[in-house]
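Have a look at the sequence and the model, then read on.

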Amino acid sequence: MADQTQPWAERTVEVPPQAGVDVPAQRDGFRRGVAPVGQPRTPRTEPFPVVEEPTGTGWPGEPAPRRPLSWRLAQLRRGGEWSAAAGLFAFVCWGIWALSGGGDLSGPLLVLVLSLLVAIGLFALARAVGRLVLERQLGRVRRGARGAHLATAVFLVGLGVAWLQQTEWVVSAWNWVTSNV
């Protein structure tokens with residue numbers, strides 16, 4: 001048993017109710033020994049009135065306010081990792097193709113610049129189609145440019161593979177790997 005010399009080790013003793021002493025009523029209908037399971041709790045404060053009109057959208061029928069340029073640029077960056085990774089892949093493939101050809105690099109450099117301009121045009125076209133279809137026709141809000149970046153990434157990866165297919169030693173290495181495996 002516990003050491004009774006310590007004050008904290010004493011047992012709790014039930015005290016019988018004293019005559020003439022009234023216990024004050026508890027709030028929320030508290031009753032000793034009865035759990036309030038299934039009973040709705042009464043709110044302690046008055047709830048705020050519900051406002052039915054949406055805030056920050058202006059008057060009904062009025063066009064939505066224009067977004068700032070920083071918001072639009074942030075929307076264009078969403079999904080940019082797809083285009084960046086595919087652009088890096090295409091650039092490495094172009095480098096392999098251009099250096100394997102030997103000679104002057106002005107022709108391959110012009111091909112790279114024109115290919116990147118086509119990729120930028122494809123991105124702009126995908127954004128325009130997304131705006132027409134998603135926003136105007138379906139009434140949805142676009143949250144980023146992931147679809148346009150993905151379409152551009154598919155184009156750039158295909159472009160990189162096409163450059164690798166035009167490199168003789170890469171094609172012969174690929175054929176050797178696939179025939180020996």
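Helix 2 passes helix 4 in a left-handed crossing; left-handed here says that the near helix is turned anticlockwise from the far one by less than a right angle, while clockwise would be right-handed. Helices are DSSP runs (H or I, at least four residues; strands are E, at least two), numbered from the N terminus. On the helix 2 side, the contact (heavy atoms within 4.5 Å) includes Trp82, Phe89, Trp94 and Trp97. Helix 4 brings, among others, His149, Leu156, Val161 and Trp163. By type, the contact of helix 2 with helix 4 has 15 nonpolar residues, six polar and no charged. Nonpolar covers Ala, Val, Leu, Ile, Met, Phe, Trp, Tyr, Cys and Pro; charged covers Asp, Glu, Lys and Arg; the others, Gly among them, are polar.

A word on where this comes from: the model is predicted, and local features need pLDDT of at least 70, side-chain atom pairs pLDDT 80 or more, while totals for chains, interfaces and linings use all residues. Residues count from 1 along each chain as its sequence is written, and side-chain values use heavy atoms, with hydrogens and water left out.

Here are the two packed pairs, with axes fitted to C-alpha atoms over the stretch in contact and angles running from 0 to 180 degrees between N-to-C directions.

| Pair | Angle | Axis distance |
|---|---|---|
| Helix 2 and helix 4 | about 15° | 8 Å |
| Helix 3 and helix 4 | about 155° | 8 Å |

So helix 3 is roughly antiparallel to helix 4; angles over 145 degrees count as that, under 35 as roughly parallel, 65 to 115 as roughly perpendicular and the rest as oblique. The crossing of helix 3 and helix 4 is right-handed.

Buried residues in helix 2 include Ser83, Cys93, Gly95 and Ala98, where buried is under 20% relative accessible area, exposed over 50% and partly exposed in between (1.4 Å probe, protein chains only). The buried residues of helix 2 pack against helix 3 and helix 4. After helix 2 comes glycine 102, with a positive phi near 70°.

Zooming out, the protein chain has five helices and zero strands. Buried residues make up 18% of its 181 residues.
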